Amino acid sequence: MSAETVTLQHVGKTWCPVGRPSVEALRDFSIDIEPGEFIVLLGPSGCGKSTLLYMLAGLEDISTGTIREGGREITGPSPDRGLIFQEAALFPWLTIAQNVSFGLSIQGLGSKECEQRARELLRSVGLGGLMDKKPDELSGGMRQRAACARALAMRPKLLMMDEPFAALDVQTRAKMQDFLLQLWQDSGASIVLVTHSIDEAIALADRVVVFTARPGTVKTIVPIDIPRPRASRDPRVHELRDQFTELLADEVDRAFAEQEAL
Ligand SMILES: Nc1ncnc2c1ncn2[C@@H]1O[C@H](COP(=O)(O)OP(=O)(O)O)[C@@H](O)[C@H]1O
Ligand SMILES: [Mg+2]
């Protein structure tokens, strides 16, 4: 195990909302995330995928178990761990260049340096000509690229993405996946990406963690060692698609049955 491995051991989370029944979202979840690894979390909705990311990000306390990074327990957020949501959470009143340099200025970088780093990053995500635009002047795909640039500005060791491309059309989504693979290779960061798209999981992951229905736990972990880019007509991709469809079908049925019983 490397020094920077992120280790989750027997992680559990029960939400206890005030005035409502408590919800066991996760149970006994264990995995090691190796440096530079691309992990995809795949599972039916409501199985605790977002919950797991919040805890990895240090934004929520865990109920049981431990999460360690390089042997140290994760107890709060850190610039080493960036989180990107489905809808890019950019400040609408700032230009995208200002959005990207914002985090850097909090970290104490001088304004000239912030500006320069923001420009480099936005160029690297193909937004070099749009730095002075506000978020609502950009398309959904461009906003997500700006959000990636902002997260990468902090040079995180671990980038967490919660269904980052779910709101995008199919063609933009495929382009964003290629773009993300490039960023990942250039940055050397580990990525943990949540999706409910089987094809997205197969296109991206070194390992796919299939969740059970709630309480979410590891149903199985499937390594994918097909070189990228992975052609959808590759017979190995077909085989994986069938395998994941079958693995998920049971869990989706279980999740549905439970929702109907409520
Ligand atoms: N802040 C919260 N307070 C109470 N319950 C929550 C909270 N966040 C999530 N949950 C519950 O935890 C379960 C898992 O949710 P979530 O992690 O969002 O699932 P997923 O991302 O896999 O769709 C759901 O039953 C959800 O209602
Ligand atoms: Mg979610």
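Helices (H or I, at least four residues) and strands (E, at least two) are DSSP runs, numbered from the N terminus. Keep that in mind as you look at this predicted model, where local features need pLDDT of at least 70, side-chain atom pairs count only at pLDDT 80 or more, and totals for chains, interfaces and linings use all residues. Residues are numbered from 1 along each chain as its sequence is written, chains are lettered from A and ligands numbered from 1 in the order in which they are written, and side-chain values use heavy atoms, with hydrogens and water left out.

- Let's start with helix H1, residues 49-56: 6 of its 8 residues are buried, so the rest of the structure largely encloses it. Here, buried means under 20% relative accessible area, exposed means over 50%, and partly exposed is in between (1.4 Å probe, protein chains only).
- The buried ones in H1 are Lys49, Thr51, Leu52, Leu53, Met55 and Leu56.
- Helix H2 covers residues 96-106, and its buried residues include Ile96, Ala97, Val100 and Leu104.
- Helix H3 (111-124) and helix H4 (140-153) are among the things covering the buried residues of H2.

**Around ligand 1**

- There are 13 residues around ligand 1, and Gly46, Gly48, Lys49, Ser50 and Thr51 come nearest. To count as near, a residue needs one of its heavy atoms within 4 Å.
- H1 gives the most to this shell, with 3 residues, and strand E2 (23-33) supplies at least two.
- Sorted by class, the shell has 6 nonpolar, 5 polar and 2 charged residues. In this sorting, Ala, Val, Leu, Ile, Met, Phe, Trp, Tyr, Cys and Pro are nonpolar, Asp, Glu, Lys and Arg are charged, and the others, Gly among them, are polar.
- In the side chain of tryptophan 15, an N or O atom is 3.3 Å from a nitrogen atom of ligand 1.
- Glycine 46 uses its backbone instead: an N or O atom there lies 2.7 Å from an oxygen atom of the ligand.
- For serine 50, a side-chain N or O atom is 2.8 Å from an oxygen atom of ligand 1.
- Taken alone, ligand 1 exposes 550 Å², and the protein buries 69% of that. Such areas come from the Shrake-Rupley method with a 1.4 Å probe.

**Lysine 13**

- Lysine 13 sits in strand E1, residues 6-15.
- It counts as buried because its relative accessibility is 7%.
- A polar atom of its side chain lies 2.7 Å from the backbone oxygen of aspartate 61.
- Leaving aside neighbours within four places in sequence, the residues in contact with lysine 13 (heavy atoms within 4.5 Å) include Val23, Leu26, Thr51, Met55 and Asp61.

**Glycine 71**

- Look for glycine 71 in the loop between strand E4 (64-69) and strand E5 (72-73).
- It counts as partly exposed, because its relative accessibility is 47%.
- Glycine 71 and threonine 7 are 64 residues apart in sequence and 7.9 Å apart in space, C-alpha to C-alpha.

**Cysteines**

- The disulfide count is 0, where a disulfide is a pair of cysteine sulfur atoms within 2.5 Å.
- Cysteine 16 is in none, and its nearest cysteine sulfur, from cysteine 47, is 19 Å away.
- Cysteine 148 is in none either, with the sulfur of cysteine 114 the nearest at 20 Å.
- Cysteine 16 is exposed, at 59% relative accessibility, whereas cysteine 148 is buried, at 1%.

Methods
A polar contact is a pair of N or O atoms within 3.5 Å; within protein, one must be able to donate a hydrogen and the other to accept it, and residues adjacent in sequence count only if both atoms are side-chain atoms.
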